[in-house]
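Reader: Could you walk me through this fold, starting with the overall picture and then moving to the details of the packing?

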Amino acid sequence: MLLSRRTICQSLPFLATAWSSADDPTLVLRSLSEPDLSARLLMRSAVIPERAGRYLEALSLVQSALTLVRGRPYEEVCHAYRAVLLGEYAREKGDPGALNEATAEARRLSGQILHDGDILQLRYQLACLEGREEAAPVLVRLSLDVWRQPGQMLTDGTWHWARGGFIVKSLETLILSQHLREADRLAQEFLPIENQTFRAYRALEWEWEAIKIKLYGSPEEQRSFRRRACQAGYVRQAVIAL
């Protein structure tokens, strides 16, 4: 059953709250048709099990979203998120089949909705998880290029909520694929401006904190952060800080 904008805003008040920035989530809701809107809600719901490391549950929700928008431009966003989840699942389980499937999903993206930077980032992320050493420095360069030219990324909430979200996704991939030197190089660019860059929403704060703890924290700080992250439901961030 498709859900109306009114139902969504009543059930998820944080989506109905307008922000005084270009990242106002209500702009996304107003611009979507009813099938796209319902798919969007399913994908936002998938974020919760993703953060908790329950990737099969998240994939099931995204598959339901795909069913709603099959043959529509918004299908591209669902395929992109499915690629992300399959890549995460493959990394955690050591499943090459899932990684191959993620790569195939990424190849389907043509830029109907996502921008060039979004698509390239996803492809380089998967290449890092595949163990292709040359992908890590390219991902760093891409991230800095997109930061300087934000028109290369989608920041209306359809894919990223804020520019900082693009950076943390690259950093997380570099850390999870053990490219810590490249992660440090990219993180150093943003330490002087972290308060302006990674405070747009609560999840982004947790993501950035996990990255800093992993790269620069003491063992005790890492243990403390992992406990707090698990208690708050950010299991994925606890893993990043390992």
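**Overall picture and packing**

Author: Among contacts in the protein between residues at least 6 apart in sequence, 60% join residues at least 24 apart. Please keep in mind throughout that this is a predicted model.

Reader: Okay, and how many helices and strands does the protein have?

Author: There are 15 helices and 0 strands in the protein, and of its 242 residues, 50% count as buried.

Reader: Let's look at helix packing, then. How do the axes of helix 6 and helix 7 cross?

Author: The axes of helix 6, which covers residues 75-93, and helix 7 come within 8 Å of each other and cross at roughly 160 degrees. With that angle being over 145, helix 6 counts as roughly antiparallel to helix 7, and the crossing of the two is left-handed.

Reader: Which residues meet there?

Author: On the helix 6 side the residues are His79, Arg82, Ala83, Leu86, Gly87, Tyr89 and Ala90, and they meet Ala98, Leu99, Glu101, Ala102, Glu105 and Ala106 in helix 7.

Reader: And what about helix 7 with helix 8, at what angle do those axes cross?

Author: The axes of helix 7 (residues 96-107) and helix 8 (residues 116-129) cross at roughly 160 degrees and come within 10 Å, which makes helix 7 roughly antiparallel to helix 8. The crossing of helix 7 and helix 8 is left-handed, and the residues that meet are Leu99, Ala102, Thr103, Ala106 and Arg107 from helix 7 with Leu122, Arg123, Leu126 and Leu129 from helix 8.

Reader: Switching to helix 5: is Leu59 buried or exposed?

Author: Leu59, located in helix 5 (residues 55-68), counts as buried because its relative accessibility is 11%, and the cut-off for buried is under 20%.

Reader: What does Leu59 touch, leaving out residues up to four places away in sequence?

Author: Leu59 touches Arg82, Leu85 and Leu86. Its C-alpha atom is also separated by 9.1 Å from that of Met43, which is 16 residues away along the chain.

Reader: And Ser60, how does that one come out?

Author: Ser60 lies in helix 5 as well, but with a relative accessible area of 44% it is partly exposed.

Reader: New topic, aromatics. How many aromatic pairs does the structure hold?

Author: The structure holds 5 aromatic pairs. One of them joins Trp147 and Phe190, whose ring centres are 5.0 Å apart and whose planes stand at 85 degrees, so this pair is edge-to-face. Trp147 belongs to helix 9 (residues 135-148) and Phe190 to helix 11 (residues 180-190), so the pair ties together parts that are 43 residues apart in sequence. Both Trp147 and Phe190 are buried.

Reader: How are the rings of Trp206 and Tyr234 arranged?

Author: The ring centres of Trp206 and Tyr234 are 5.0 Å apart with the planes at 15 degrees, so the pair is stacked. Trp206 sits in helix 13 (residues 202-216), while Tyr234 is in the loop between helix 14 (219-231) and helix 15 (235-240), so parts 28 residues apart in sequence are tied together by the pair. Trp206 is buried, as is Tyr234.

Reader: Back to Trp147, which cluster do ring pairs link it into?

Author: Ring pairs link Trp147 with Phe190, Phe198 and Trp208 in a cluster.

Methods
Residues are numbered from 1 along each chain as its sequence is written. This is a predicted model: local features need pLDDT of at least 70, side-chain atom pairs count only at pLDDT 80 or more; totals for chains, interfaces and linings use all residues. Side-chain values use heavy atoms; hydrogens and water are left out. Rings of Phe, Tyr and Trp (its six-membered ring) pair if their centres lie within 6.5 Å; planes under 30 degrees apart count as stacked, over 60 as edge-to-face and the rest as tilted. Helices (H or I, at least four residues) and strands (E, at least two) are DSSP runs, numbered from the N terminus. Buried means under 20% relative accessible area, exposed over 50%, partly exposed in between (1.4 Å probe, protein chains only). Contact means heavy atoms within 4.5 Å. Axes are lines fitted to C-alpha atoms, for helices over the stretch in contact, and angles run from 0 to 180 degrees between N-to-C directions. Angles under 35 degrees count as roughly parallel, over 145 as roughly antiparallel, 65 to 115 as roughly perpendicular and the rest as oblique. A crossing is left-handed if the near helix is turned anticlockwise from the far one by less than a right angle, and right-handed if clockwise.
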